[in-house]
Amino acid sequence: MADNTRGLVIAVDGTAASGKGTLAKHLARTYNLAHLDTGSLYRGVSIRLLRQGVKREIDPQLAALEASRIEIADLNDPALRSEDTSAMASLVASLPDVRAALMEYQRQFANQPPDDHKGAVLDGRDIGTIILPNADFKFFCDAAPEIRAERRYKELLLAGETAIYADVLDAIKERDHRDMTRQVAPLRPADDAIHIDTGEFTVDEMVARAVQIIASPD
Ligand code: CDP
């Protein structure tokens, strides 16, 4: 369980559009934890590069420099969730110097959560494996790619973007493949992570399951 000094720390990892962010948000509300969507850090770096005209050929040094400059304002940018940003984020995230530049920010967030919160929940790809290997609880979310693509497709339409389902599905598969096969911090469940197939549950059921596990871990 959590030690007294740092409070409850929860890691939520998973594939693209698996619902890990939704789970993390609900857990933050339930336990009054600070929440960090770590994907937004990689997305923030991507936006900074896209705005400088960078396309698929990324200069790793420039990307690492932009990662070291990330600020809260970057994380609220309306372009954060666009498909262009998603694709660039997964390219940027495979660069070791970018990951190194963002590591301390994430650990600091968990160890000294902002706004007097007593603990933190971080969601991403490598939270349980690399960033917070000692997290009190680790969840790993996944669902069939078609289910995840359908969710992302609807999200994009709701946000007023034009989207084609088949393209969204391809992009999700490509991103997962890149995230799982990269050299540094590949996407994989931690050995002690609890798996949640989010395709099988409604949001309420998914959250209830996680809360039940936290209440009686054994
Ligand atoms: O919301 P979605 O699952 O589509 O993506 P995200 O969590 O915002 O992450 C965007 C991209 O950032 C991912 O495809 C990963 O390549 C990268 N990422 C990562 O490498 N490590 C993290 N801890 C979080 C995101």
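A pocket is an open set of points on a 1 Å grid over the protein atoms alone, with protein on both sides within 12 Å along at least five of seven lines; lining residues have an atom within 4 Å of a point. A volume is the space filled by probe spheres set on the points, which are joined across faces, edges and corners. The model is predicted; local features need pLDDT of at least 70, whereas totals for linings use all residues. Residues are numbered from 1 along each chain as its sequence is written.

The second largest pocket has a volume of about 150 Å³. Its lining consists of L50, V54, K55, R56, E83, D84, A87, M88 and L91. Five of these residues are nonpolar, none is polar and four are charged (nonpolar: Ala, Val, Leu, Ile, Met, Phe, Trp, Tyr, Cys and Pro; charged: Asp, Glu, Lys and Arg; polar: the others, Gly among them). Helix α4 (residues 83-92) contributes the most, with five residues. Helices are DSSP runs (H or I, at least four residues), numbered from the N terminus.

Seven of the 10 residues of α4 are buried, so the helix is largely enclosed by the rest of the structure. Buried means under 20% relative accessible area (1.4 Å probe, protein chains only). The buried residues are T85, S86, M88, A89, S90, L91 and V92. Their cover includes α2 (39-50), α5 (96-111) and α8 (165-181).

The largest pocket holds about 1,100 Å³ of space. Its lining numbers 50 residues, with G21, D37, R81, D123 and R152 nearest the centre. By class, 18 are nonpolar, 15 polar and 17 charged. Helix α7 (residues 145-158) supplies the largest share, five residues.

Note on methods: Predicted model: local features only at pLDDT ≥ 70, side-chain atom pairs only at ≥ 80, totals over all residues. Heavy atoms only, no water. 1 Å grid on protein atoms, 1.4 Å probe; cavity = no way out; pocket = protein on both sides within 12 Å on 5 of 7 lines; lining within 4 Å. Helix = DSSP H or I, 4+ residues; strand = E, 2+ residues; numbered from the N terminus. Buried < 20%, exposed > 50% of the residue type's maximum accessible area, 1.4 Å probe, protein only. Contact = heavy atoms within 4.5 Å.
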